[in-house]
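Student: Could we go through this structure together, one question at a time?

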Amino acid sequence: MMTLIHNRLNQIRSQIQYAEMAAHRGPGSVLLLAVSKTKPAEAIAAAYQAGQRHFGENYVQEALPKQQALGAFDISWHFIGPIQSNKTRAIATHFAWVHSVDSLKIAQRLSGQRPDTMPPLNICLQVNISDEASKSGISLDELPELCAQVAGLPRIKLRGVMTVPAPEEVFEKQCLPYRKLYQAVAQLGQFKLDTFSFGMTGDLAAAIAEGSTMVRIGTALFGVRQ
Ligand SMILES: *Cc1c(COP(=O)(O)O)cnc(C)c1O
């Protein structure tokens, strides 16, 4: 497993480098977030040994035991799944980043529950850019107001936006939703947002072409999920 994950990691790193160059973006301007949901701690350890430091999890009850098992590792944990109110305390105390904030209520809870002893919790607001009924996230129209409400909360730091567009096969079509969200954020300069959590296994190059600063990659690194 070590060699397989190491090889896949190198392949993804090259894809990111290539997409950065193609988009005239600086080398290293896109961070790789390894999405380890449903995968065992051993898989995370293998990626860690190959130099990966940022990992994303979707379910609190699954993430906590893995975090415990990997407690000796210097990992930056990102929460990227839907957030239930009764899980905000665990999220606020066990993660460095949350990509999936989609209400003021959840942001307020994370703010109130982030321990003073920890650095501010990095927050991205999740936008449902393709307006799919099945997906979480706010609509683009709601983004300016939620930014304004969240930006002032203590112990959290509003960093940017995350989105999961409707799947598309063709590169040009994959670009459009990211471009739309990127341009909307450009109108919100006062919030100094620096993070675009854009791109997964199927659309990493398009996301980087449209300004991604963080790609969330699961399948290409750890294999298909059951
Ligand atoms: C599972 C998941 C990913 C990873 O998707 P892959 O297609 O496996 O790379 C990225 N982002 C979110 C929000 C996810 O839930």
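**Rings, burial and overall shape**

Tutor: To begin, the charged end of Arg 53 sits over the ring of Tyr 48, 3.6 Å from its centre (the rule asks for NZ of Lys or CZ of Arg within 6 Å of the ring centre and within 35 degrees of the ring normal). This is a predicted model, where local features need pLDDT of at least 70, side-chain atom pairs count only at pLDDT 80 or more, and totals for chains, interfaces and linings use all residues. Residues are numbered from 1 along each chain as its sequence is written, and side-chain values use heavy atoms, with hydrogens and water left out.

Student: How many aromatic pairs are there?

Tutor: Rings of Phe, Tyr and Trp (its six-membered ring) pair if their centres lie within 6.5 Å; planes under 30 degrees apart are stacked, over 60 edge-to-face, and the rest tilted. By this rule the count is 6.

Student: What kind of pair do Tyr 48 and Phe 73 form?

Tutor: Their centres are 4.5 Å apart. The angle between the planes is 45 degrees, and the pair is tilted.

Student: Why does that pair tie together parts that are apart in sequence, and by how many residues?

Tutor: Helices (H or I, at least four residues) and strands (E, at least two) are DSSP runs, numbered from the N terminus. Tyr 48 lies in helix 2 (residues 41-49), while Phe 73 is in the loop between helix 3 (60-69) and strand 3 (76-79), so the parts joined are apart in sequence by 25 residues.

Student: Is Tyr 48 buried or exposed?

Tutor: Buried means under 20% relative accessible area, exposed over 50%, and partly exposed in between (1.4 Å probe, protein chains only). Tyr 48 has a relative accessible area of 13%, so Tyr 48 is buried.

Student: And which class does Phe 73 count as?

Tutor: Phe 73 has 25% relative accessibility. Phe 73 therefore counts as partly exposed.

Student: What is the radius of gyration of the protein chain?

Tutor: The radius is taken over C-alpha atoms, and the globule rule is 2.2 Å times the number of residues to the power 0.38. With 226 residues, a compact globule would be near 17 Å, and the protein chain agrees, with 17 Å.
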